Amino acid sequence: RIDQSETIALAGVEDTDVQGLAAVISDTEPRYSFFRYPHEVDGQQTNSILFIYTCPSGSKVKERMTYASFKKMVMDVASTEAGFEVAKKLEASSPSEITPEMIREEFQPRQEQKQGFARPKKPGKR
């Protein structure tokens, strides 16, 4: 949370799973959130850290501009001071956009099947 003097302060620490994540992020003020996402990679259980930046459209213009300009600094401090290795960065205009499916797809993108080139049919007689 960034206050009036543009000081970054911890708004809170919540213990939640991926289903309850959107409920613990403010839907009225911009927020930076870090979430430890447990998932499987190549058959091994691992935890990845997500950086989530939410900026509701109903928030004050000054807040939106302040949060947007501080985002890189927050990432740098999290990396150097806290030792966070952020695996993915997500942005949303509302916490409700942060769904378990969205997060799962960030780590396991859908595999698209490629189709071969379909040769066009020969033109008919005129």
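**Figure 1. Elements lining the largest pocket.** Helix H1, strand S1 and helix H2 (61-80) each contribute at least two residues to the lining of the largest pocket. The structure shown here and in the following views is a predicted model. Strand S1 makes the greatest contribution to this lining, giving six residues. The largest pocket holds about 940 Å³ of space. Its lining comprises 27 residues, and those closest to the centre of the pocket are Leu10, Gly12, Tyr32, Ser33 and Phe34.

**Figure 2. Serine 33 in strand S1.** Serine 33 belongs to strand S1, which spans residues 31-41, and is among the residues closest to the centre of the largest pocket. The relative accessibility of serine 33 is 13%, and the residue is therefore classed as buried, the limit for that class being under 20%. Beyond the residues up to four places away in sequence, serine 33 touches Ile25, Leu50, Phe51 and Ile52.

**Figure 3. Isoleucine 103 in helix H3.** Helix H3 covers residues 100-107 and includes isoleucine 103. With a relative accessible area of 0%, isoleucine 103 is buried. When neighbours within four places in sequence are set aside, the contacts of isoleucine 103 are Val18, Leu21, Tyr37, Leu50, Leu90 and Ile98. Glycine 83 stands 20 residues from isoleucine 103 along the chain, and the C-alpha atoms of the two residues are 22 Å apart.

**Figure 4. Alanine 92 and its contacts.** Alanine 92 is part of strand S3, which runs over residues 86-92. This alanine counts as buried because its relative accessibility is 9%, where buried means under 20%. Although alanine 92 and tyrosine 53 are 39 residues apart along the chain, a distance of 6.4 Å separates their C-alpha atoms. Tyr53 is also one of the residues in contact with alanine 92 once neighbours within four places in sequence are left aside; the others are Thr54, Cys55, Glu97 and Ile98.

**Figure 5. Aspartate 42 in the loop between strands S1 and S2.** The loop that joins S1 to strand S2 (44-54) contains aspartate 42. Aspartate 42 is not a glycine, yet its phi is positive, at about 50°. The relative accessibility of aspartate 42 is 78%, so the residue is classed as exposed, a class that requires over 50%.

**Figure 6. The salt bridge between glutamate 29 and arginine 31.** Four salt bridges are found in a search of the whole structure, and one of them is shown in this view. Glutamate 29 and arginine 31 form this salt bridge, with 3.0 Å between the closest N and O atoms. Arginine 31 has a relative accessibility of 13% and thus counts as buried.

**Figure 7. The salt bridge between aspartate 76 and lysine 72.** In this pair the side chains meet with an N to O distance of 3.4 Å. Both aspartate 76 and lysine 72 lie in helix H2, where a spacing of four residues corresponds to about one turn of the helix. Aspartate 76 is partly exposed at 37% relative accessibility, whereas lysine 72 is exposed, with a relative accessible area of 60%.

**Figure 8. The salt bridge between glutamate 101 and arginine 104.** The side chains of glutamate 101 and arginine 104 form a salt bridge in which N and O are 3.8 Å apart. The two residues are about one helical turn apart, because they are three residues apart in helix H3. Glutamate 101 counts as partly exposed, with a relative accessible area of 45%. Arginine 104 is likewise partly exposed, at 36% relative accessibility.

Figure 9. Isoleucine 8 is located in the segment before helix H1 (21-24). The relative accessibility of isoleucine 8 is 36%, and this residue is accordingly classed as partly exposed.

How values were computed
Residues numbered from 1 in each chain as written. Predicted model: local features only at pLDDT ≥ 70, side-chain atom pairs only at ≥ 80, totals over all residues. Heavy atoms only, no water. Buried < 20%, exposed > 50% of the residue type's maximum accessible area, 1.4 Å probe, protein only. Contact = heavy atoms within 4.5 Å. 1 Å grid on protein atoms, 1.4 Å probe; cavity = no way out; pocket = protein on both sides within 12 Å on 5 of 7 lines; lining within 4 Å. Points joined across faces, edges and corners; volume = space filled by probe spheres on them.
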